[in-house]
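Colleague: Could we go through this model together, pockets and then helix packing?
Modeller: Happy to; here it is.

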Amino acid sequence: CVYANEKREDEMRLDHTCPFCREPVPKTNKERYKQMMKRVEVNDPVAVRVEASNKYNKGHYSRAFTYWTQVAELGDANA
């Protein structure tokens with residue numbers, strides 16, 4: 001649970017980490033994007049859906065459709 005992880009980190013005065021991979025939270029957009037693409041590569045439906053929206057917003061409609069199709073095939077009802 002994300003909340004439990006954040007609570008533990010706060011109580012123990014630990015640096016905040018990703019609740020999925022326990023890596024330090026990225027400090028730059030480039031690091032954030034790289035970390036998200038790792039999740040896309042392992043077919044994390046939420047990460048793939050976010051990347052689809054990013055592609056759509058940048059005008060890459062064909063690639064966005066491909067990602068949304070992938071998310072639907074993974075069973076994400078929000079695709």
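Colleague: By class, what residues does the lining of the largest pocket have?
Modeller: A caution before that: this is a predicted model, in which local features need pLDDT of at least 70 and side-chain atom pairs count only at pLDDT 80 or more, while totals for chains, interfaces and linings use all residues. Residues are numbered from 1 along each chain as its sequence is written, and side-chain values use heavy atoms, with hydrogens and water left out. The lining of the largest pocket has 8 nonpolar, 1 polar and 3 charged residues, where Ala, Val, Leu, Ile, Met, Phe, Trp, Tyr, Cys and Pro count as nonpolar, Asp, Glu, Lys and Arg as charged, and the others, Gly among them, as polar.

Colleague: And which residues line the largest pocket?
Modeller: The lining consists of C18, F20, V25, P26, R32, Q35, M36, R39, D44, V46, A47 and V50. A pocket here is an open set of points on a 1 Å grid over the protein atoms alone, where a 1.4 Å probe fits, with protein on both sides within 12 Å along at least five of seven lines, and lining residues have an atom within 4 Å of a point.

Colleague: Which helix gives the most to that lining?
Modeller: Helix 2 does, with 4 residues; helices are DSSP runs (H or I, at least four residues), numbered from the N terminus.

Colleague: What about the second largest pocket, what is its lining like by class?
Modeller: That lining has 4 nonpolar, 1 polar and 6 charged residues, and among its members are E23, K27, E31, K34, K38 and R39.

Colleague: Switching to packing, how do the axes of helix 3 and helix 4 cross?
Modeller: They come within 8 Å and cross at roughly 160°, with axes fitted as lines to C-alpha atoms over the stretch in contact and angles running from 0 to 180 degrees between N-to-C directions. The two helices are therefore roughly antiparallel to each other, a label for angles over 145 degrees.

Colleague: Which residues meet there?
Modeller: In helix 3, P45, V48, R49, E51, A52, S53, K55 and Y56 meet Y61, R63, A64, Y67, W68, Q70 and V71 in helix 4, contact meaning heavy atoms within 4.5 Å. By class, the residues of this contact divide into 9 nonpolar, 2 polar and 4 charged.

Colleague: Then which residues of helix 2 meet helix 3?
Modeller: Y33, M36, M37, R39 and V40 do, against A47, V48, V50, E51, N54 and K55 in helix 3; this contact has 7 nonpolar, 1 polar and 3 charged residues.

Definitions and conventions
Parallel < 35°, antiparallel > 145°, perpendicular 65-115°, else oblique.
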